[in-house]
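This report covers one protein chain.

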Amino acid sequence: MIHRILSLLAVVLLLCACSKQSEIDRAANRMLDDARFALRYQHYSEARDTIFSLRKRFPTAIEARRQGILLLDSIELMAARDSLSKAEGPEWERLQVKAQFYERKLQEDQKK
């Protein structure tokens with residue numbers, strides 16, 4: 001009898017944990033969508049801050065965090081490319097190196 005009660009309790013706890021993780025994953029995915037929206041309109045700081053907040057608030061949202069890494073690389077790449085059009089001299093060179101770095105990083109991250 002006690003074995004059945006303990007088994008039932010374990011199942012209930014497992015279901016609660018899975019439900020809680022699903023809520024976390026949905027909230028993290030909404031934050032990813034918000035960051036993508038900000039990126040689409042070239043609001044780079046807002047997009048970055050959203051990814052950083054996602055990382056802090058949802059440490060167990062593994063898939064969203066993985067996608068956040070790729071999205072953050074895209075944010076940095078696009079911000080560098082946008083700034084290149086206005087830069088000159090050493091600043092242009094620095095931004096060119098930064099853009100090349102994020103292009104390579106994105107390629108490597110997408111392989112994983």
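**Overall fold**

The model is predicted. The secondary structure of the chain consists of 4 helices and 0 strands, and along the sequence the pattern reads α-α-α-α. The chain has 112 residues, of which 30% count as buried. If contacts are taken between residues at least 6 apart in sequence, 59% of them join residues at least 24 apart.

Helix H1 spans 2–40, and the loop between H1 and H2 contains Gln-42. The phi angle of Gln-42 is near 60 degrees, a positive value in a residue other than glycine. Most residues other than glycine have a negative phi.

**H2 against H3**

Helix H2 covers residues 44–57 and helix H3 covers residues 62–84. The two pack at an angle of about 160 degrees, and their axes are 10 Å apart. Angles over 145 degrees count as roughly antiparallel, and H2 and H3 are therefore roughly antiparallel to each other. Their crossing is left-handed.

On the H2 side, the residues in contact are Tyr-44, Ala-47, Arg-48, Ile-51, Phe-52, Leu-54 and Arg-55. The H3 residues they meet include Ile-69, Leu-72, Ile-75, Glu-76 and Met-78. By class, this contact has 12 nonpolar, 1 polar and 5 charged residues.

**H3 against H4**

Helix H4 covers residues 89–111 and packs on H3 at an angle of about 155 degrees, with the axes 9 Å apart. That angle makes H3 roughly antiparallel to H4. The crossing of H3 and H4 is also left-handed.

H3 brings Ile-69, Leu-70, Asp-73, Ser-74, Glu-76, Leu-77, Ala-80, Arg-81, Ser-83 and Leu-84 to this contact. Among the residues of H4 that they meet are Trp-92, Leu-95, Lys-98, Ala-99, Tyr-102, Glu-103 and Leu-106. The classes here are 10 nonpolar, 4 polar and 7 charged residues.

Which H3 residues take part in both contacts? Ile-69 and Glu-76 are listed in the contact with H2 and again in the contact with H4.

Leu-77 is in helix H3 and counts as buried, at 8% relative accessibility. Leaving aside residues up to four places away in sequence, Leu-77 touches Ala-99, Tyr-102, Glu-103 and Leu-106. The C-alpha atoms of Leu-77 and Ala-99 are separated by 5.2 Å, although the two residues are 22 apart along the chain.

**Salt bridges**

How many salt bridges does the count come to? The count comes to 8 salt bridges.

| Pair | N to O distance | Helices |
|---|---|---|
| Arg-48 and Glu-76 | 2.7 Å | H2 and H3 |
| Lys-98 and Glu-76 | 3.5 Å | H4 and H3 |
| Glu-103 and Arg-81 | 2.7 Å | H4 and H3 |

The side chains of Arg-48 and Glu-76 meet in a salt bridge. Arg-48 in H2 and Glu-76 in H3 are 28 residues apart, and the pair links distant parts of the chain. Are these two residues buried or exposed? Both Arg-48 and Glu-76 are buried; for Glu-76 the relative accessible area is 10%, under the 20% limit for a buried residue.

Glu-76 also forms a salt bridge with Lys-98. Lys-98 lies in H4 and Glu-76 in H3, so this pair ties together parts that are 22 residues apart in sequence. Lys-98 counts as partly exposed, at 26% relative accessibility.

The salt bridge of Glu-103 with Arg-81 likewise joins H4 to H3, over 22 residues of sequence. Glu-103 is partly exposed at 31% relative accessibility, and Arg-81 is partly exposed at 43%.

Which residues do shared partners join into one network? Arg-48, Glu-76 and Lys-98 are joined in this way. Arg-48 lies in H2 and Glu-76 in H3, while Lys-98 lies in H4.

Note on methods:
Residues are numbered from 1 along each chain as its sequence is written. This is a predicted model: local features need pLDDT of at least 70, side-chain atom pairs count only at pLDDT 80 or more; totals for chains, interfaces and linings use all residues. Side-chain values use heavy atoms; hydrogens and water are left out. Axes are lines fitted to C-alpha atoms, for helices over the stretch in contact, and angles run from 0 to 180 degrees between N-to-C directions. Angles under 35 degrees count as roughly parallel, over 145 as roughly antiparallel, 65 to 115 as roughly perpendicular and the rest as oblique. A crossing is left-handed if the near helix is turned anticlockwise from the far one by less than a right angle, and right-handed if clockwise. Contact means heavy atoms within 4.5 Å. Ala, Val, Leu, Ile, Met, Phe, Trp, Tyr, Cys and Pro count as nonpolar, Asp, Glu, Lys and Arg as charged, and the others, Gly among them, as polar. A salt bridge is a side-chain nitrogen of Lys or Arg within 4 Å of a carboxyl oxygen of Asp or Glu. Buried means under 20% relative accessible area, exposed over 50%, partly exposed in between (1.4 Å probe, protein chains only).
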